[in-house]
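Subject: Structure handover

Hello,

Here is the structure you are taking over. Notes on what was found in it follow below.

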Amino acid sequence: MEKKKTALITGITGQDGSYLAELLLQKGYSVHAIVRPASVFTTERINHLFNDPELLNKRLFLTWGDLTDSSILNRILEKVQPDEIYNLAAQSHVKVSFDIPEYTAEVDAIGCLRLLDAIKEIDLKTKIYQASTSELYGKVQAIPQTETTPFYPRSPYACAKLYAYWLIVNYREAYNLFASNGILFNHESPRRGKTFVTRKITIAANMIVLGRQKLLSLGNLSAKRDWGFAPEFVEGMWRILQQDKPGDYVLATNETHTVREFCEHSFGHLGVEFEWQGEGVDEKGYVTKLHSAVARKNLKPGQLIIDVNPRYFRPTEVDILIGDYSKAKRELGWEPKITFKKLVETMIYADYRHLTGEDYER
C-alpha cells in the first residue's frame with residue numbers, strides 16, 4: 001500500500017493556498033499549513049475546510065508561524081517531515097512593495113532562504129516548490145517570455161522574488177535539493193484579494209451596476225497581462241513536484257489583455273456598454289448602452305463610470321507580460337483551459353452573488 005503523502009503549505013489563507021489545499025486533500029494528502037498570527041481572522045478562504053470536522057486535525061493541520069522566524073520554521077519542518085513543501089506565502093502586492101520594501105524582502109526573499117537552509121540543516125528529504133512570478137521579467141527583454149528569457153525586475157516585490165528564484169536554483173545545484181520554481185503569470189479567481197486590480201474591477205463593476213458606487217478609479221489602463229484561472233495554476237504547482245527531477249517552469253496562457261479590456265468584459269457581462277474618451281490621465285469611460293434590467297434601473301447613457309487616478313501608477317511600470325508555457329505542456333502535460341472571457345465571467349458573477357445573495361439573471 002502506497003504511503004500517503006504529507007505536504008506543508010505556507011500561505012494557505014491566500015488565493016493559491018486555499019485552492020492548493022483543496023487539491024491536495026482531494027488527492028489524499030495530509031496537509032499541514034503555517035498560518036501567520038493576526039488579531040483578526042484571516043481564514044475566510046479556507047473556512048469550509050477549517051470547519052469540516054472530518055478534516056481539521058485529522059488530515060488538515062494548521063500551525064502558527066511566520067517566514068520571518070527561523071526557529072519556528074525549523075521546529076515545524078522537524079516535526080512534520082513533509083514530503084512536499086509549497087512556499088506560497090508572500091507580501092504579494094506589487095504596488096504595496098514600493099511602500100514597504102524591507103518587509104517585502106524579509107518575507108519574499110529571506111523567508112525562502114530560511115526554508116531552504118532549514119531543509120539543508122535538518123537533512124530533510126523533501127521537495128520544495130517556490131512561487132516565483134512573471135514580475136521577474138519586468139521590463140521585458142523578449143515577447144513572449146520563457147524560462148530562458150532574461151529577468152529585469154521593476155519593483156521591490158520582483159527584486160525580492162528574484163533573490164528567492166536564484167536561491168532555489170543555487171540550493172538545488174549546491175546541495176542537490178529537489179527545489180523547483182514555478183514562474184506563474186497572473187492568475188485570478190473569485191478568491192483573488194480585493195486590492196488586486198482584477199478583483200477591484202469585478203467588485204466595482206457590480207457595485208456601480210447595482211447603484212451602490214459611482215465611479216471606478218484605476219491606474220495604467222494600457223498595462224497588458226497574461227491572465228489565467230488560479231485553480232488550474234495550482235494543479236500546475238502540484239505537477240511540478242511530481243516530476244522525477246526538479247526544474248523551473250513557466251505557467252501562463254500565452255495571451256495578453258489590457259486592463260482596459262478587463263473593464264470592458266466585466267461591465268459587458270452585466271449588460272453595460274461604454275466608450276473611452278480622452279487619453280492618459282484624462283481617459284474616462286462613459287456609458288453608451290444598457291442591456292440589463294438592473295443596469296437600466298441604476299445607470300443612464302452618458303454617465304461617467306471609470307476614470308484614471310495617478311495615485312495608482314507604479315514608480316516603474318511593467319507594460320506587457322505574456323508567457324510561453326510550452327515546456328510545462330511538454331514535460332508536465334499542463335495547459336490552461338479556462339479562457340480570458342470565461343475567467344472574467346466567473347469572477348463577475350461570483351461577486352454579484354456575494355453582493356446580492358442571488359444569481360445574476362442574464
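In helix α8, the buried residues are A230, E232, F233, V234, G236, M237, W238 and I240; buried means under 20% relative accessible area, exposed over 50%, and partly exposed in between (1.4 Å probe, protein chains only). Helices (H or I, at least four residues) and strands (E, at least two) are DSSP runs, numbered from the N terminus.

This is a predicted model, in which local features need pLDDT of at least 70, side-chain atom pairs count only at pLDDT 80 or more, and totals for chains, interfaces and linings use all residues. Residues are numbered from 1 along each chain as its sequence is written, and side-chain values use heavy atoms, with hydrogens and water left out.

K342 belongs to helix α12 (residues 340-356). Its relative accessibility is 39%, so K342 counts as partly exposed. K342 and W238 are 104 residues apart along the chain, and 23 Å separates their C-alpha atoms.

Strand β5 (residues 127-133) has 6 of its 7 residues buried, so this strand is also largely enclosed by the rest of the structure. Two strands pair if DSSP finds at least two bridges between them. Strand β4 (residues 84-87) runs parallel to β5, joined by 4 bridges, and I85 has I128 in β5 as its bridge partner. Strand β6 (residues 178-184) also pairs with β5 in the parallel sense, over 7 bridges; there I128 stands opposite A179.

Regards
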